[in-house]
Amino acid sequence: RDFSDWAKSYLKQEKLKIKDIDTSLVKKYRVNLNRRISSKSNEEFKRSTQNTFLIALRAFLRYLVVDEDIDALPPEQIVLGKADAKLPKVLNDEQLARLFEVQNLNRRSGIRDRAILETMFSTGLRVSELVSLNVDDVDLESGEFTVIGKGRKVRTVYLSPGAKRWLKRYLKTRTDNFQPLFIRYSGKKMEEGDYEGESLRLSQRSVQRMVKKYTTRAGINVDVTPHTLRHTFAT
């Protein structure tokens, strides 16, 4: 609709015909998008916003060509612009210290959560990699172990002295022989016949909620996620 309204105005005609849509017209539409000012931010459209309009136009052309078998401009001739580079969010030293100081260490879940935060910041693990760890995967003496990441790539990660200390303290609270490194202490009951404790394995969503909870408790005005800790580790 946006493209149609603009094109009719640009071409000074009441109706837009399919044959009017060519690479030249689309190029002029792109220039128009690039110069537009957002009514919300009062700034020029971001590249991602411009691409949203172009994706809609491309989808419409694909519908004409594929579904209706109409001779129209091939959609692949509309190439999207490169997205604007985004700087990842990271925590500064003071925010990180506050995040690590708000766990209730009188509860075993608080000790577990501190161990999780220390491990994530020390290793840069993705949350999916973190929750898939088993007790036997982590060498607390050498402080290094391997993980299988995206694309089945194997890499070595390293525990800081603090992370090793908190993991050891957390494991001392465990009297079980369950396989998962991080287990939950609340929620639905353990599944019957689950001798390895797999049904107690902490989920990615639980870790995400946990990080949000401590961010709020620490008074940090940043939308912190487990991936924020990964970026902070990298920085």
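Student: At what angle do helix 1 and helix 2 pack, and how far apart are their axes?

Tutor: Helix 1 (residues 2-11) and helix 2 (residues 23-35) pack at about 105°, with axes 11 Å apart. Helices here are DSSP runs of H or I, at least four residues long, numbered from the N terminus. The axes are lines fitted to C-alpha atoms over the stretch in contact, and angles run from 0 to 180 degrees between N-to-C directions. Before we go on: this is a predicted model, where local features need pLDDT of at least 70, side-chain atom pairs count only at pLDDT 80 or more, and totals for chains, interfaces and linings use all residues. Residues are numbered from 1 along each chain as its sequence is written, and side-chain values use heavy atoms, leaving out hydrogens and water.

Student: Why is helix 1 called roughly perpendicular to helix 2?

Tutor: Angles of 65 to 115 degrees count as roughly perpendicular (under 35 is roughly parallel, over 145 roughly antiparallel, the rest oblique). The angle is about 105°, so helix 1 is roughly perpendicular to helix 2.

Student: Which residues make that contact?

Tutor: Contact means heavy atoms within 4.5 Å. On helix 1 the residues are D2, F3, W6, A7, Y10 and L11, and on helix 2 they are L25, K28, Y29, N32 and L33. They divide into 8 nonpolar, 1 polar and 2 charged. For those classes, Ala, Val, Leu, Ile, Met, Phe, Trp, Tyr, Cys and Pro count as nonpolar, Asp, Glu, Lys and Arg as charged, and the others, Gly among them, as polar.

Student: Which residues of helix 1 are buried, and how do you know that they sit on the same side?

Tutor: F3, W6 and A7 are the buried ones (under 20% relative accessible area; exposed is over 50%, partly exposed in between, with a 1.4 Å probe and protein chains only). They cover an arc of only 100° around the axis, which puts them on the same side of helix 1. That arc is the one of the directions from the helix axis to the C-beta atoms. The buried residues of helix 1 pack against helix 2 and helix 3.

Student: What makes W166 count as buried?

Tutor: Its relative accessibility is 8%, so W166 falls under the cut-off and counts as buried. W166 lies in helix 7 (residues 161-172). Leaving out residues up to four places away in sequence, W166 touches L105, I111, R114, A115 and E118.

Student: Why is helix 5 called roughly perpendicular to helix 8?

Tutor: Helix 5 and helix 8 pack at about 95°, with their axes 11 Å apart. That angle lies within the perpendicular range, so helix 5 is roughly perpendicular to helix 8. G110, D113, I116, L117 and M120 of helix 5 meet V207, M210, V211, K213 and Y214 of helix 8. This contact has 7 nonpolar, 1 polar and 2 charged residues.

Student: Why is the pair of D223 and K89 called a salt bridge?

Tutor: A salt bridge is a side-chain nitrogen of Lys or Arg within 4 Å of a carboxyl oxygen of Asp or Glu. For D223 and K89 the N to O distance is 3.8 Å, so the pair passes. The two link distant parts of the chain, 134 residues apart: D223 is in the loop between helix 8 (204-217) and helix 9 (226-234), and K89 is in the loop between helix 3 (47-67) and helix 4 (93-99).

Student: What makes D223 and K89 partly exposed?

Tutor: D223 has a relative accessible area of 43%, and K89 comes to 40%. Both values fall in the in-between range, so D223 and K89 are partly exposed.

Student: How do you know that K212 belongs with D223 and K89?

Tutor: K212 forms a salt bridge with D223, the closest N and O atoms being 2.2 Å apart. K212 is in helix 8, 11 residues from D223. With that, K89, K212 and D223 are linked in a network of salt bridges.

Student: How many salt bridges does the rule give?

Tutor: The count comes to 11. One of them joins E198 and R201, with the closest N and O atoms 2.5 Å apart. E198 is partly exposed at 38%, whereas R201 is buried at 16%.
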